[in-house]
Every structure is written in C-alpha cells, then in structure tokens.
Amino acid sequence: MKKHWKMISLGMALCLAMTVLAGCGNKKEEGGLGAIKDRGKLVVGVKFDTKLFGLKDPSSGNVEGFDIDISKQLAKRILGDENKVEFKEVTSKTRIPMLNNSEIDMVVATMTITEERKKEVDFSDVYFQAGQSLLVKKGSPIKGIEDVTADTKVMSSKGATSVKNIKEKVPGVTVLEFDNYQDAFSALKAGQGDALTTDDAILYGMAAQDPNYEVVGEPFTDEPYGIAIQKGNSDLVQAVNDALKEMHENGEYDAIYEKWIGKKPAE
Amino acid sequence: MDFSLLSDNIGLFMQGFMNTIWASLLGLAGSFILGTIIAVFRMTRSRPLVWFGTAYVEFFRNIPLLLVVFLFYLGLPSLGITLSGFASGTMGLAVYTSSFIAEAIRAGIMAVPKGQTEAARSSGLTYVQTMFYVILPQAIKLVIPPLSNQFINLVKNSSILSIVAGFDLMYYGDIVATETFDTINTYLFVALFYLIITLPLSYGSRVLERKLARHD
C-alpha cells in the first residue's frame with residue numbers, strides 16, 4: 001500500500017511540473033503600437049553575431065549593422081527619435097519564441113519570409129533581398145551548388161531556412177546544424193565540414209572577416225527578409241511598412257544599403 | 001501537452017534518443033575506466049603518476065564542459081585529428097566526468113582500511129593485484145552513491161553534443177523546436193526522454209547499493 005502512495009504522489013508531482021511548465025507558454029501581453037508609444041521605447045530583436053547585419057563590437061559594446069540602422073530609422077519614424085530603441089540579442093532559434101513571449105516588439109534579424117513562419121508571426125514588406133549561397137575555403141573543389149553531393153558536409157544554423165533548401169537541392173546531404181553562424185563558421189574553419197550555407201549577405205560578412213574563405217557560385221534561392229511582428233498587430237505592421245516606404249522614397253534606404261553591403265540595391 | 005508534436009517528429013526524437021543513449025553508455029564506460037585509472041595513479045607512490053593524476057583532475061574538473069568539448073571538436077583538428085561532433089562530444093564528456101569519478105573513487109580507496117592492503121601484500125599479491133582484487137572492489141562499493149550522481153550528470157550533460165552537431169536528443173529537440181515553433185512542448189518531450197534514461201539509472205543505483213550492502 002505504501003508503495004502505491006509513493007507512485008501516486010510521484011505522478012502528481014510530475015503532472016504539476018508539466019502544467020506549470022506548459023502554462024508558461026501561454027503568457028501573452030498586450031504588445032502593439034500603443035504599448036510601444038506608452039513605453040517610449042522600441043525593443044528590437046537583432047542578431048549580435050552576424051557581420052554587416054547585426055554585430056556586437058566587444059570593445060564599445062555597440063551593436064552595428066544593416067538591421068541596426070533600419071531599426072533606428074523605424075524608431076525615428078514611430079517614436080520620433082532614432083535613439084529610443086533597445087536591442088536584444090536573438091538567434092534563428094530564439095527569435096520567434098521571444099517575439100511571441102512579448103520580450104521584443106519586432107524581429108529585424110536577417111529573417112526570411114516563409115509561408116510556415118507566416119502562420120506564427122506577421123511580416124512587414126520585404127526590407128532586404130538576399131539569396132542562399134555557399135562559403136568555402138579558398139581552393140575548395142566546391143565551386144557552386146552543382147558541386148555539392150550527398151557526401152558533402154554542409155554546415156548551417158539551427159532553424160534556418162537554408163537547411164531545408166539545401167536538403168531539397170541535394171537529397172541526402174549531411175547538414176551539421178549549429179546554434180549560430182559563428183559556431184558554424186568556427187567548425188568550418190576547424191575542417192569539420194566542406195561548406196557553410198546560408199544567405200549570401202551573411203556569407204559576405206564572414207568572407208570579409210577571414211580572407212581565406214570565399215563565397216562561390218550564384219545564389220540558388222530567393223530569400224526575402226522581412227520584419228517579424230507578433231500576430232494580429234496590424235497597426236504596427238502598417239507603421240513599419242509606411243516607414244520602410246518612406247525610407248525607400250527619400251533615399252535613406254539606399255544609403256544604409258550602400259553603407260553596409262558596399263553597392264547600390266538591385267532594382 | 002500536444003502529442004501530435006511527438007508523433008509528427010518521432011523519427012527525429014528517436015534518432016536523438018538513441019544517440020543520447022549511445023553517448024551516455026560510451027561516456028559512462030569511458031569515464032569509469034579513465035576515472036579509476038586516474039584514482040589509482042593518485043594513490044601510487046610514484047611521484048610522476050601522482051602529479052599526472054593531480055594535474056588531470058584539477059584541469060578537467062575546473063574548466064567548463066563546453067570548453068573541454070570545444071578542445072576536442074575545434075582544437076584537435078589543428079593537430080591533424082578531426083573527430084566528428086558525436087565523437088568529440090562523447091570523449092569530452094568522458095574526460096570531464098572522469099575527473100569527478102577519479103575523486104570519488106580516490107575517496108573510496110582511502111576509506112578502505114589499511115589492514116586490507118597489508119593483508120593482501122603479505123599473502124603475496126603484487127601491488128597491482130592488491131589494487132584490482134582487494135582494494136578497488138571494496139572502494140567502488142563504498143562510493144556507489146556519488147558515482148551514480150556522476151553518471152546521472154553525465155547523461156544530462158550529454159546535451160552538450162547539441163552544440164557541436166552531435167545529433168543527440170537535444171540537437172534534434174532544438175531542430176524540432178525551431179521547425180514547429182512549439183518550443184515549450186518540444187522541450188517538455190525532450191525532458192521526458194531524458195527522464196526515461198535517468199530515472200531507471202537512479203533507481204538501479206539504489207537497488208545495487210542495497211544489494212551490495214547485504215553482503216557486508
């Protein structure tokens with residue numbers, strides 16, 4: 001009899017733990033445009049590890065990049081001051097959960113608009129047009145996607161669209177997935193794989209960081225980046241789209257693009 | 001809890017689960033053997049062996065597991081040895097845990113009365129024979145509770161493989177979480193899978209402890 005009670009109480013403890021944990025996921029706060037204006041600060045999820053888009057400078061502590069400048073312009077248009085913005089680090093893995101937990105107002109983090117993600121979050125208009133490509137060590141036999149075979153070890157980041165894309169292009173390819181692109185790049189440098197795949201925009205940043213590596217081949221996908229916003233916040237999506245449109249019209253967008261990418265955006 | 005999440009991704013979960021079991025078994029065996037050897041080193045009269053054992057324990061016990069694994073995964077290639085994520089993760093795990101196990105077993109050896117060694121040596125056993133046939137069996141019996149703690153930790157720490165693309169339970173958990181966007185439920189299932197390994201382990205160690213105690 002004593003044993004039974006032990007099992008029952010253990011079971012109850014487990015159930016309790018599960019409910020508590022499961023309950024955490026349902027917490028939803030009011031986000032949206034009104035909340036941002038009340039707070040007087042825009043909280044944006046950006047990458048801290050991605051050169052050209054969002055990279056934290058360890059000496060100054062500042063985050064810099066294309067996504068950062070875009071976010072500042074959004075803050076300027078929504079709150080009237082480009083400094084009324086707070087940056088929180090996200091990775092491909094954490095950005096949607098953080099957004100849906102209301103930890104951040106929006107994600108400006110090299111995020112491709114996909115149909116699947118659209119079920120989870122709302123997207124702004126395209127704010128950057130990228131395409132998936134390959135980064136290899138100079139002198140590698142891989143010169144483009146056509147050289148990637150089932151025996152090639154390709155690395156990428158967990159939760160990135162690029163994993164799905166390369167598996168579709170090259171069935172049976174081994175993909176090593178890491179927590180972020182820096183870890184993936186470290187592993188590539190250590191010779192743990194043959195190529196790193198993700199959007200060319202990110203790859204060019206890595207190639208700039210280490211000249212022993214180069215981007216090869218033509219981009220083999222279209223990766224339209226969008227700004228992700230919690231579902232149902234149509235007023236905030238509208239505000240972001242208006243701001244983007246204005247930036248395109250007055251040339252500010254082109255200036256930011258040229259500053260980071262080094263060339264004018266393609267029409 | 002959403003069980004369709006589990007059934008939709010059961011292939012990935014099972015693959016990860018099996019790899020975690022493998023990593024745990026290999027890590028367990030490796031850390032036990034390594035730990036025992038290091039403990040014996042530290043109890044010998046040979047100065048170099050004592051120094052080696054001490055340095056080994058102090059080094060691996062006092063740096064983060066993540067660094068040990070990176071040493072194997074990212075460091076060894078510069079010496080021309082490239083190990084897969086699974087191999088370097090498991091080896092890192094074994095080496096790291098062995099430093100704790102060595103300390104536990106050393107405590108056990110010290111707890112075995114000196115008379116045991118003296119009796120064994122005077123009946124003609126060599127030092128090595130004394131260690132392996134007389135002292136270690138008694139020492140290990142004494143330290144089963146701390147050892148089983150280390151083994152449970154090892155199973156949980158095997159989630160470090162996910163960082164170096166080791167295809168373990170946590171690695172696939174991360175992937176399922178990012179693909180389904182259902183983070184909480186995914187990790188709840190991952191937790192359940194870990195419990196499937198660790199609960200029997202802690203139960204088994206208690207049974208073993210009781211069984212061995214009866215022989216005293």
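User: What makes up the lining of the largest pocket by class: how many nonpolar, polar and charged residues are there?

Analyst: Happy to start there! This is a predicted model, and in it the lining of the largest pocket has 14 nonpolar, six polar and six charged residues. Tyr counts as nonpolar and Lys as charged.

User: What volume does that pocket have, and which residues are closest to its centre?

Analyst: The largest pocket holds about 570 Å³ of space. Of its 26 lining residues, the closest to the centre are A:Phe128, A:Gln129, A:Tyr257, A:Lys263 and A:Ala266.

User: Why is the largest pocket said to lie between domain 1 and domain 2 of chain A?

Analyst: Both domains give residues to the lining, so the pocket lies between them. Domain 1 covers 30–129 + 224–261 of chain A, and domain 2 covers 132–221.

User: Which elements of chain A each supply at least two residues of that lining, and where does the largest share come from?

Analyst: Strand 8 (128–130), helix 8 (200–209) and helix 10 (252–261) of chain A each supply at least two. The largest share, four residues, comes from helix 10 of chain A.

User: Let's turn to B:Thr178. Why is B:Thr178 called buried?

Analyst: The relative accessible area of B:Thr178 is 10%. Buried means under 20%, so B:Thr178 is buried.

User: Where does B:Thr178 sit in chain B, and what does B:Thr178 touch?

Analyst: B:Thr178 lies in helix 9 of chain B, which runs over residues 169–180. Leaving out residues up to four places away in sequence, B:Thr178 touches A:Ser92, A:Lys93, A:Lys158 and A:Gly159. Touching here means heavy atoms within 4.5 Å.

User: What does UniProt list for residues 17–205 of chain B, and what are the helix and strand percentages there?

Analyst: The unreviewed UniProt entry lists "domain: ABC transmembrane type-1" for that stretch. Over residues 17–205, chain B is 81% helix and 0% strand, with the end C-alpha atoms 21 Å apart.

User: And for chain A, where does UniProt place "domain: Solute-binding protein family 3/N-terminal", and what is the helix and strand content there?

Analyst: That feature, also from an unreviewed entry, is placed at residues 41–264 of chain A. Over that range chain A is 35% helix and 25% strand, and the end C-alpha atoms are 31 Å apart.

User: How many helices and strands does chain A have, and what percentage of its residues count as buried?

Analyst: Chain A comes to 10 helices and 15 strands. Of its 267 residues, 52% count as buried. As for contacts in chain A with a separation of 6 or more, residues 24 or more positions apart account for 68% of them.

Key. Residues are numbered from 1 along each chain as its sequence is written. Chains are lettered from A and ligands numbered from 1 in the order in which they are written. This is a predicted model: local features need pLDDT of at least 70, side-chain atom pairs count only at pLDDT 80 or more; totals for chains, interfaces and linings use all residues. Side-chain values use heavy atoms; hydrogens and water are left out. Buried means under 20% relative accessible area, exposed over 50%, partly exposed in between (1.4 Å probe, protein chains only). On a 1 Å grid over the protein atoms alone, a cavity is a set of points where a 1.4 Å probe fits but cannot get out, and a pocket is an open set with protein on both sides within 12 Å along at least five of seven lines; lining residues have an atom within 4 Å of a point. Grid points are joined across faces, edges and corners, and a volume is the space filled by probe spheres set on the points. Domain bounds come from an automatic or database domain assignment. UniProt positions are given in the numbering used here, feature names are shortened, and annotations may be inferred rather than shown by experiment.
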